[in-house]
Amino acid sequence: MSEYNQYVTAVNKIFDYLAKMKAGWNSLDNINYIESIEEYKQVVATSAEIFKKPPEQKKHSESLEELGND
């Protein structure tokens, strides 16, 4: 399973569990906490694009300075 599929599966499970908890609880505080977490659902879904792209190789622009006779 690719990293993307693992990420999507995990995110879907988290939000499924949150929906079940929200439906089963009567406490307004707990429901408000769940709703505050649900506000990030779109951000989390959008960040899945990171896993679709192949990892970029880091470019090292640093170079060694040549030692000379000073």
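Let's get the ground rules out of the way. Residues are numbered from 1 along each chain as its sequence is written, and side-chain values use heavy atoms, leaving out hydrogens and water. Because the model is predicted, local features need pLDDT of at least 70 and side-chain atom pairs count only at pLDDT 80 or more, while totals for chains, interfaces and linings use all residues.

So what is pLDDT? It is the predictor's confidence in each residue, on a scale from 0 to 100. For this chain the mean is 81, and 76% of the residues reach 70 or more. Confidence is highest in helix α2 (residues 28–38), with a mean of 93, and lowest in helix α4 (residues 49–52), with a mean of 78.

Now for the overall build. The chain has four helices and zero strands, giving the pattern α-α-α-α as you read along the sequence. Helices here are DSSP runs of H or I with at least four residues, strands are runs of E with at least two, and both are numbered from the N terminus. Of the 70 residues in the chain, 9% are buried; buried means under 20% relative accessible area, exposed means over 50%, and partly exposed is in between (1.4 Å probe, protein chains only). The accessible surface comes to about 6800 Å², and 53% of that belongs to carbon and sulfur atoms. Those areas come from the Shrake-Rupley method with a 1.4 Å probe, and for residues only the protein chains shown count as cover.

How many salt bridges does the structure hold? There are two, a salt bridge being a side-chain nitrogen of Lys or Arg within 4 Å of a carboxyl oxygen of Asp or Glu. In one, the side chains of K22 and E35 meet at 3.3 Å, N to O. K22 sits in helix α1 (residues 3–24) and E35 in helix α2, so this pair ties together parts that are 13 residues apart in sequence. K22 also forms a salt bridge with E38, where the closest N and O atoms are 3.4 Å apart. That pair again links helix α1 to helix α2, this time across 16 residues. Through shared partners, K22, E35 and E38 join into one network. As for accessibility, K22 is partly exposed at 27%, E35 is partly exposed at 34%, and E38 is partly exposed at 25%.

Staying with the surface, look for Y17, M21 and W25. They form a nonpolar patch with about 310 Å² of accessible area together. M21 lies in helix α1 and is partly exposed, at 33%.

Y7, in helix α1, is partly exposed at 21%. Setting aside neighbours within four places in sequence, Y7 is in contact (heavy atoms within 4.5 Å) with V44, S47, A48 and F51. Y7 and A45 are 38 residues apart along the chain, with their C-alpha atoms separated by 9.4 Å. E3, also found in helix α1, is exposed at 54%. E3 and K52 are 49 residues apart in sequence, but 8.2 Å apart in space, C-alpha to C-alpha.

Terms used: Patch = residues over 30% accessible without salt bridge, like charges linked within 9 Å, V, L, I, M, F, W, Y side chains within 5 Å.
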